[in-house]
Amino acid sequence: SGINAEYGITADRKMKPLLDVPFGMTNIYCYQDDTLIMSSSCNAEEYGKMGWPLCVPEEQIAVQCFDETWKVDVGFNMVERSGKMSCPVKVMKEGNAMNMKKMDVRAKWGGIKKKGNGYETEYFKEGVQYTAMGKFSKKKGFRAKFIGNKMDYDCFFCDVYMGDNIMNPYPDRNNNCVGALGGCWKCAAKVAKCTATCVYNGIKSQECRDCFGSLYDECKECIKK
């Protein structure tokens, strides 16, 4: 399509195919009608120059990508007696729930232990500290069984990855650490989000209170630690 026109055209049989056109183009527009994308009168930018496109594998053919960050909700449950763990996951994109079974998504299981005034995390190795249990379930998410020594850790967690990229960068409900590591652990996600706002405006400011919401009284002190 051109500037003032939107017409479908049938390519001439003599038109040669375009070679070496990189996959994933965005910001496409032309100043003339019916011109090739590689023409000097057209603009097109590669996704590689813009950053990683927010697409799942089956979308990359149609390039149905979005600029808005996905909303990822990751939970965690563990049966202490049996060591069975579950990692329920829900991903929302533009207000719609994504089909996790069609995405290249996997769970990484790990343990957390206190270290001085802080804590350290460790990802588990399959076959050493855990065994996988079946495929992804819409109800329970990813499942596994811990087979290591529970005394080595104070609590446990799961992270969700798509390819090499973590989908839940801030700890929230993806663990069973509430009480095990002190109150500030469950405040970690809010602290990560609100520290800059509270330091700039002051911990007692309304902006800081609004950012923490109902967790303000419980979590405000964690910013100082």
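**Exercise 1. Contacts across the chain.** What percentage of the contacts in the protein with a separation of 6 or more is accounted for by residues 24 or more positions apart?

*Solution.* Start with the term: a contact means heavy atoms within 4.5 Å. Among the contacts with a separation of 6 or more, residues 24 or more positions apart account for 48%. Before going on, note that this is a predicted model, in which local features need pLDDT of at least 70 and side-chain atom pairs count only at pLDDT 80 or more, while totals for chains, interfaces and linings use all residues. Residues are numbered from 1 along each chain as its sequence is written, and side-chain values use heavy atoms, with hydrogens and water left out.

**Exercise 2. One residue in its surroundings.** Find the strand that holds Ile166, and then list its contacts beyond its sequence neighbours.

*Solution.* Helices (H or I, at least four residues) and strands (E, at least two) are DSSP runs numbered from the N terminus, and the protein has four helices and 13 strands. Ile166 belongs to strand S13, which covers residues 165-166. If neighbours within four places in sequence are left aside, Ile166 touches Tyr123, Asp159, Val160 and Tyr161. Arg106 stands 60 residues from Ile166 in sequence, and their C-alpha atoms are 9.7 Å apart in space.

**Exercise 3. Buried or exposed?** Classify Ile166 by its relative accessible area, and state what share of the protein is buried.

*Solution.* Buried means under 20% relative accessible area, exposed means over 50%, and partly exposed lies in between (1.4 Å probe, protein chains only). Ile166 counts as partly exposed because its relative accessibility is 34%. Of the 225 residues of the protein, 33% count as buried.

**Exercise 4. A network of charges.** Which residues are linked in a network of salt bridges?

*Solution.* A salt bridge is a side-chain nitrogen of Lys or Arg within 4 Å of a carboxyl oxygen of Asp or Glu. Searching the whole structure gives two salt bridges. One joins the side chains of Lys113 and Glu120 at 3.8 Å, N to O, and another joins those of Lys113 and Glu122 at 4.0 Å, N to O. Lys113, Glu120 and Glu122 are therefore linked in a network. As for accessibility, Lys113 is partly exposed because its relative accessible area is 26%; Glu120 is partly exposed at 30%, and Glu122 is partly exposed at 27%.
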